[in-house]
Amino acid sequence: MKTFDYNIVLIGFMGTGKSTIARKLSYMHQMEVVEMDEEIVRRQGMSISDIFATHGEEYFRNLETELLRELQSKGGKVISCGGGAPLRAENVALMKQNGRVVLLTATPKTVYERVKNGKMRPILNGNMNVEYIASLMEKRREKYEAAADVMIATDGKAIWQICEELTRSLVE
Ligand code: S3P
């Protein structure tokens with residue numbers, strides 16, 4: 001299987017499977033994986049929720065931009081972005097410097113089922129329901145789609161199936 005020399009940048013709403021797919025792709029193609037949220041947590045020494053609570057969302061968004069800038073110096077990585085990363089045009093330009101952007105999608109119901117027990121997503125604090133997820137997803141849709149080079153729907157598909165479809169779309 002082809003190893004990609006550019007970065008595969010996974011974007012999409014919370015719960016669309018970015019982290020899971022990133023790990024599988026990295027295994028399939030022998031590529032390093034960067035989980036942006038995890039890297040930010042490691043560097044700051046606190047959880048995403050604590051970063052939001054202590055410093056505010058803007059501070060977190062700036063950390064995302066800084067990290068994305070750093071990650072463009074070389075290709076060959078799978079980068080799993082936080083759900084809000086493609087909302088800044090500057091971030092999307094960075095993603096495309098050395099990478100192809102893949103948008104993973106899922107219906108609000110699927111997202112809800114995947115994230116409902118999580119406590120680490122401040123954006124959904126107090127709003128953990130399908131209606132809120134649907135409205136936020138709709139608000140973000142245009143930016144997500146504009147950023148994407150490739151779009152993959154994940155509902156009802158197995159991990160290996162999503163990875164194969166994604167790989168095929170990038171190679172074609
Ligand atoms: C966010 C998504 C989260 C995380 C932060 C904000 C968002 O990442 O970066 O809680 O605004 O959609 P995941 O998409 O990995 O959950």
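**Ground rules**

I number residues from 1 along each chain as its sequence is written, and I use heavy atoms for side-chain values, with hydrogens and water left out. Since the model is predicted, local features need pLDDT of at least 70 and side-chain atom pairs count only at pLDDT 80 or more, while totals for chains, interfaces and linings use all residues.

**Entry 1: the ligand**

I looked up what surrounds the ligand and found 13 residues, where near means that a heavy atom of the residue lies within 4 Å. The closest are Lys 18, Asp 37, Arg 61, Arg 121 and Arg 140. I sorted the shell by class and got 5 nonpolar, 3 polar and 5 charged residues. In this sorting Ala, Val, Leu, Ile, Met, Phe, Trp, Tyr, Cys and Pro are nonpolar, Asp, Glu, Lys and Arg are charged, and the others, Gly among them, are polar.

Next I looked up distances to oxygen atoms of the ligand. A backbone N or O atom of Gly 83 lies 2.9 Å from one, and for Gly 84 the backbone distance is 3.3 Å. Arg 140 has a polar side-chain atom 2.7 Å from a ligand oxygen. Taken alone the ligand exposes 390 Å², of which the protein buries 96% (Shrake-Rupley method, 1.4 Å probe).

**Entry 2: the largest pocket**

Where does the ligand sit? I found the ligand in the largest pocket, which requires more than half of its atoms to lie within 2 Å of the pocket's grid points. A pocket is an open set of points on a 1 Å grid over the protein atoms alone, where a 1.4 Å probe fits, with protein on both sides within 12 Å along at least five of seven lines; lining residues have an atom within 4 Å of a point.

The volume is about 650 Å³, that is, the space filled by probe spheres set on the points. The pocket is lined by 31 residues, and the closest to its centre are Met 14, Glu 35, Asp 37, Met 120 and Arg 121. H1 gives the most to this lining, with 4 residues (helices are DSSP runs, H or I, of at least four residues).

**Entry 3: Thr 110**

I found Thr 110 in helix H6. Its side chain makes a polar contact with the side chain of Thr 107 at 2.9 Å, and another of 2.5 Å with that of Asp 155. Such a contact is a pair of N or O atoms within 3.5 Å; within protein, one must be able to donate a hydrogen and the other to accept it, and residues adjacent in sequence count only if both atoms are side-chain atoms.

Methods: Helix = DSSP H or I, 4+ residues; strand = E, 2+ residues; numbered from the N terminus.
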